[in-house]
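Visitor: I have a model open and want to learn how to read its features. Where do we start?

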Amino acid sequence: MRGFNITSHFFRIATALAAGFTFAGAAAAQDEAGFQAYLPELRAQALREGVRPSTVDAILPTLTYSARVVELDRAQPGNPQSTASPPFAPYKARHVDAARISRGRAAYVANRGRLARVEAETGVPESIMVAIWGHETNYGSYTGNFDLLRSLATLAYEGRRRSLFAGEFIASLKILERGISRETLKGSWAGATGNPQFLPSIYLRLAKDGDGDGRADIWNSQADTLASIGNYFVNAGWRPGQPWGFAVSVPAGFDRSSQRNRLVSPRCPRVFERHSTWRTMAEWRALGIVPQGRAWPADDVLATLMEPDGPGQTAYLLTGNYRVILDYNCSNFYALSVGLLADAVEQ
């Protein structure tokens, strides 16, 4: 049997670890160098789009590359080869839970005056605004602590979606020029910020002053948060007086093949392919669909059918207003949970 030299063995391990650390350090230095070399390009784009030189030159020297942001971005799910859909019930249990409903009802009661004003102006139900707030940041309890400017500049440099993130970085600079502080501009690693988790470009386009103090403060003002959410939904096409959708029972022997949607959506096709063709409420009623715990809307309201947990489980008829919720976040589970939380909050 050959002898085993412990000293030699540990020397080889230490050498390998040192080499690994040296490689990681070199890669980090290379990323930082590449990031710094990219910033002049970002500066030129910002100036072309009307940002003041003094603003750009105050921010760019403070920026460093964030390896953590890139790591989180690359870890996002979305394997195009996967066709399996997870069940909705576990997601619903986590996102439409007793604690979130209870906090939502408290927020609903506390903000009834301002909510009523926004609903009167926009037609967006009070409970929908509260449910978005609840889903995005648990009613403002957590809005994210990433430095938006650093995150967005890093994602622009990383390059997979450079046009998107460079534009959002420049929008962040324009928010600074509106008097919002650098310290305030914190949020998710992907650039969403404030109580409603708006991207910077959405803030510039749709944020509203709800309390009359002259600025739209979606970070600290509940009135501005709710008014901004309402304005977003109006802009996305909310139809006053129509539900987002409702739970239904599907009769045994229902012919699903005849209701299949054969159109391919240009946006979020995996989301929309789970919906049926569109029919009026009168047509769905004639096919044996039965609402659970509510009356039918008007006969001419259009809806699509979705069975998120498959045949035999709770199904939903979804109107055009459901698609407005999808505009906020293109996920069936998200949109269903927002609608169900809104229903629970207003009960």
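Visitor: Which residues does a disulfide join here?
Guide: A disulfide is a covalent bond between the sulfur atoms of two cysteines. The cut-off is a pair of cysteine sulfur atoms within 2.5 Å. Here Cys268 is joined to Cys330, S to S 2.2 Å. The pair links distant parts of the chain, 62 residues apart. Cys268 sits in the loop between strand 3 (245-249) and helix 12 (269-272). Cys330 sits in the loop between helix 14 (320-328) and helix 15 (332-345). Searching the whole structure gives one disulfide.
Guide: Some ground rules. This is a predicted model: local features need pLDDT of at least 70, side-chain atom pairs count only at pLDDT 80 or more, and totals for chains, interfaces and linings use all residues. Residues are numbered from 1 along each chain as its sequence is written, and side-chain values use heavy atoms, without hydrogens and water.

Visitor: Why does Cys268 count as partly exposed?
Guide: Buried means under 20% relative accessible area, exposed over 50%, partly exposed in between (1.4 Å probe, protein chains only). Cys268 counts as partly exposed because its relative accessibility is 22%.

Visitor: How many residues of strand 6 are buried?
Guide: Helices (H or I, at least four residues) and strands (E, at least two) are DSSP runs, numbered from the N terminus. In strand 6 (residues 302-306), four of the five residues are buried.

Visitor: Which strand runs antiparallel to strand 6, joined by three bridges?
Guide: Strands pair if DSSP finds at least two bridges between them. Strand 4 (residues 278-280) does so, antiparallel, with three bridges. Arg279 has Ala303 as its bridge partner. Strand 7 (residues 315-318) also pairs with strand 6, antiparallel, over three bridges. There, Met306 partners Tyr316.
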